Amino acid sequence: MAALRRKFGEDYQVVNTNRADTFSAPVKKKRQRFVDKNGRCNVQHGNLGGETSRYLSDLFTTLVDLKWRWNMLIFILTYTIAWLVMASMWWIIAYIRGDLNHGHDASYTPCVANVYNFPSAFLFFIETEATIGYGYRYITEKCPEGIILFLFQSLMGSIVDAFLIGCMFIKMSQPKKRAETLMFSQDAVISQRDGKLCLMFRVGNLRNSHMVSAQIRCKLIKSRQTPEGEFLPLDQCELDVGFGTGADQLFLVSPLTICHEINPKSPFFDLSQRSLMNEEFEIVVILEGIVETTGMTCQARTSYTEDEVLWGHRFLPVMSLEEGFFRVDYSQFHSTFEVPTPAHSVKEYEEKKSLPSPAHTAHSPSPALTESYGARRDRVFSVDCINTSDERRRATGGRLPSKLQRMSSSGKEDLQRKVLLLSSHHSEKACSTGDLPLKLQRLSSTQGPEAENRLHLKSLKVDFEPMTQSTGDLYQHSLIATPTLSPAPVPMHSPLLSAGGRPEDNLPAKLRKMNADR
């Protein structure tokens, strides 16, 4: 144990695969298996009726399929009866011809020389059949019926020899015993491999001779009911063990772990550790290949029931590198150890993975809210912009003449809410410059004499009518009032004019004169 921990790490724990230690679920009543662990199928055919004659039509295969004790009994009885029957025929010929009464008469020529009774007739048949030929008993030319019986005996003997010896040879050369040296792990395990949940079991070859073109297949035996209500007992379903990738073709020179990936196409897609305790199924494993020494096809079978599938286990490695070769330790062939494995099924994991994350939902606004926010931003002005423009209007109006202030107080008080105020000052650029057209932004950001020369705007003549529009209407009018630079009039109290010089310089000549006189 210490050597194994040094080899595989301290976290590895070797688990004995005894049923009493590895399976902690409630003990189930042992149920009937479809295929035994040794590969024998527990199926018996009954009530054949008149179909029994089909076995006689294929007598050779019937004899080969019989057990060895029945084969030996048939072999012995067939030769014994054949010898007795043929010996009786030779005795009958001697009896009919009267050779038995003239056995010691030297002047009498019998059919078969020196045949006096049944034992001598039996010995003559054995010597002829086995071609021993002692030379004491022989057929004479005075017995044509003996010659015909001799030909019939030779033909029938050859047929019986070919049939029985052929059956015995095929029976002995059957590769069923070769399957005894092909091993399967006592249990199957379910654990993760390459990030995917897999059902795995192990196979091995005890002989040095290879299995040519070895191929493995798996069948799931499970009763089910169709949507139409039909009950299918022992329904067979194929388990994919690498048919599409070629992983089912084995190079079986060392123990291999066969893997079945549990995915949406697998019948174990909704199998979890808890549901495994309540399931009833059987996995039949079939390994086929050609025996290298005889060239005959060999098939080895085994099965795993639901209580022989260990959840969260992995097989212990058995390969080690020695000096000049690899060594396989078959004492650890059936051993497993526990590994961290999710207890839920692949279906539950896929459903959980497809759900949106709560953090992502909280920090990511919906597209509808984003669109509504953008539209609202386009329609509503910033309150800070309006307050800033009011303060600048009061500061500018305080320096104007009293007559001009009275003129402004009647209608121009609402004019600044109608026109979008433009500003080139850096402190107000955050609330107003971003809403300007690109051309005006470039002009307003330019400082110095070039900006004063480029901003030659005319005064705006506005009818002083009461303004009762909403904020959205004011924004629409402001967009109409300032689309271009040269032809568009600019309000008198616009911050653009104050940016290029004093407000009095932009007044009409009459108003400038009145202000100068004051």
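Two rings of Phe, Tyr or Trp (its six-membered ring) make a pair if their centres lie within 6.5 Å; planes under 30 degrees apart count as stacked, over 60 as edge-to-face and the rest as tilted. A search of the whole structure turns up 8 aromatic pairs. This is a predicted model, where local features need pLDDT of at least 70, side-chain atom pairs count only at pLDDT 80 or more, and totals for chains, interfaces and linings use all residues. Residues are numbered from 1 along each chain as its sequence is written, and side-chain values use heavy atoms, with hydrogens and water left out.

**Aromatic rings**

- Tryptophan 90 and phenylalanine 124 are an edge-to-face pair, because their ring centres are 4.9 Å apart and their planes sit at 85°.
- Tryptophan 90 is in helix H5 (residues 68-97) and phenylalanine 124 in helix H6 (residues 118-129), so this pair ties together parts that are 34 residues apart in sequence. Helices (H or I, at least four residues) and strands (E, at least two) are DSSP runs, numbered from the N terminus.
- Are tryptophan 90 and phenylalanine 124 buried or exposed? Both are buried, where buried means under 20% relative accessible area, exposed over 50%, and partly exposed in between (1.4 Å probe, protein chains only).
- Tryptophan 91 and tyrosine 95 are stacked, at 5.5 Å centre to centre with 15° between the planes. They both lie in helix H5, 4 residues apart, or about one turn of the helix.
- Tryptophan 91 counts as partly exposed at 29% relative accessibility, while tyrosine 95 counts as exposed at 55%.
- Phe75, Tyr79 and Trp83 are linked into a cluster by ring pairs.

**The nonpolar core**

- A nonpolar core is a set of buried Ala, Val, Leu, Ile, Met, Phe, Trp, Tyr and Cys residues joined through side-chain atoms within 4.5 Å.
- The largest one here has 35 residues, and those with the most contacts inside it include Phe201, Ile216 and Phe268.
- Several strands supply at least two residues each to this core, among them E4 (196-205), E5 (211-225) and E9 (282-291). E5 gives the most, with 5 residues.

**Salt bridges**

- A salt bridge is a side-chain nitrogen of Lys or Arg within 4 Å of a carboxyl oxygen of Asp or Glu. The whole structure has 11 of them.
- Arginine 97 bridges to aspartate 99, with the closest N and O atoms 3.7 Å apart. Arginine 97 is partly exposed at 28% relative accessible area, but aspartate 99 is buried at 1%.
- Glutamate 288 pairs with arginine 217, and their closest N and O atoms are 3.6 Å apart. Glutamate 288 is in strand E9 and arginine 217 in strand E5, so the pair ties together parts 71 residues apart in sequence.
- Glutamate 279 and lysine 222 form another salt bridge, with the closest N and O atoms 2.9 Å apart. This pair links distant parts of the chain, 57 residues apart: glutamate 279 is in the loop between helix H8 (273-276) and E9, and lysine 222 is in strand E5.

- Most residues other than glycine have a negative phi.
- Asparagine 114 has a positive phi of about 65°. Asparagine 114 sits in the loop between H5 and H6 and counts as buried at 18% relative accessibility.
- Aspartate 194 also has a positive phi, near 55°. Aspartate 194 lies in the loop between E3 and E4 and is exposed, with a relative accessible area of 74%.
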